[in-house]
Amino acid sequence: MNTVHFHHQQDTPDKGRLKIQITSKTTSRPVEDASVSISYTGVPDNTLEQITTDSSGQTDTIDLAAPPLDYSLNPDNETQPYSEYTLQVTAKGFQPVSIAGTEILADVKLTLDNDTFENTGKSRF
């Protein structure tokens with residue numbers, strides 16, 4: 001019996017890192033217990049990660065899939081070198097915020113400072 005072997009090169013995703021700082025637009029104070037849902041841009045109903053801010057308005061740093069680092073290092077590359085994510089931010093007493101197109105590159109830590117969170121008038125902030 002003859003066996004045929006196929007060599008298949010698979011793009012194994014690398015990882016980028018994301019940390020979010022959320023403050024009130026009105027008071028510039030940190031927003032504690034804000035919920036951040038993360039999905040791929042274009043597929044907002046499929047939540048990949050959900051994280052919450054601490055008392056300083058910060059989330060933990062998380063790893064997210066990104067294309068291989070080589071894509072961003074090669075000037076002749078025509079493949080998108082980053083992944084795009086949508087962030088849905090909610091917190092009691094604040095208007096929800098959606099941020100589409102957050103770019104994550106391999107081996108890069110993105111710290112996103114969101115100060116567009118507006119009070120609904122029902123918050124202590």
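Author: The answers below go through the model's confidence, its strands, its core and its aromatic rings.

Reader: What kind of model is this, and how are residues numbered?

Author: This is a predicted model, in which local features need pLDDT of at least 70 and side-chain atom pairs count only at pLDDT 80 or more, while totals for chains, interfaces and linings use all residues. Residues are numbered from 1 along each chain as its sequence is written, and side-chain values use heavy atoms, with hydrogens and water left out.

Reader: What is the mean pLDDT of the protein?

Author: The mean is 82, and 81% of the residues reach 70 or more; pLDDT is the predictor's confidence in each residue, from 0 to 100. Strand β3 has the highest confidence, at a mean of 96, and strand β7 (residues 109–117) the lowest, at 70.

Reader: Where does pLDDT stay under 50?

Author: That applies to residues 1–10, for which the model has zero contacts beyond four places in sequence. A contact means heavy atoms within 4.5 Å.

Reader: Which strands make up the open sheet?

Author: Its four strands have the order β3-β2-β5-β6, with antiparallel pairing. Since β3 (47–52) and β6 (97–105) are at the edges with a single partner strand each, one side of each is left without a neighbour in the sheet. Two strands pair if DSSP finds at least two bridges between them.

Reader: How many bridges join β2 to β3?

Author: Five bridges join β2 (residues 35–40) to β3, and V36 stands opposite I51 in β3. Between β2 and β5 (residues 82–90) there are six bridges. Seven bridges join β5 to β6, where L105 is the bridge partner of Y82.

Reader: Changing topic: how many residues are in the largest nonpolar core?

Author: It has 21 residues, and those with the most contacts inside it include L18, I38, L64 and L87. The strands β1 (14–24), β2, β4 (62–66), β5 and β6 each supply at least two of its residues, and the largest share, four residues, comes from β4. A nonpolar core is a set of buried Ala, Val, Leu, Ile, Met, Phe, Trp, Tyr and Cys residues joined through side-chain atoms within 4.5 Å. Buried means under 20% relative accessible area, exposed over 50%, and partly exposed in between (1.4 Å probe, protein chains only).

Reader: What is L64 in contact with?

Author: Leaving aside neighbours within four places in sequence, the contacts of L64 include L18, I38, Y85 and I104.

Reader: How many aromatic pairs does the structure hold?

Author: It holds one. Y40 and Y85 are stacked, 5.1 Å centre to centre and with 25° between the planes. Y40 is in strand β2 and Y85 in strand β5, 45 residues apart. Rings of Phe, Tyr and Trp (its six-membered ring) pair if their centres lie within 6.5 Å; planes under 30 degrees apart count as stacked, over 60 as edge-to-face and the rest as tilted.

Reader: Is Y85 buried or exposed?

Author: Y85 counts as buried because its relative accessibility is 1%. Y40, at 34%, counts as partly exposed.
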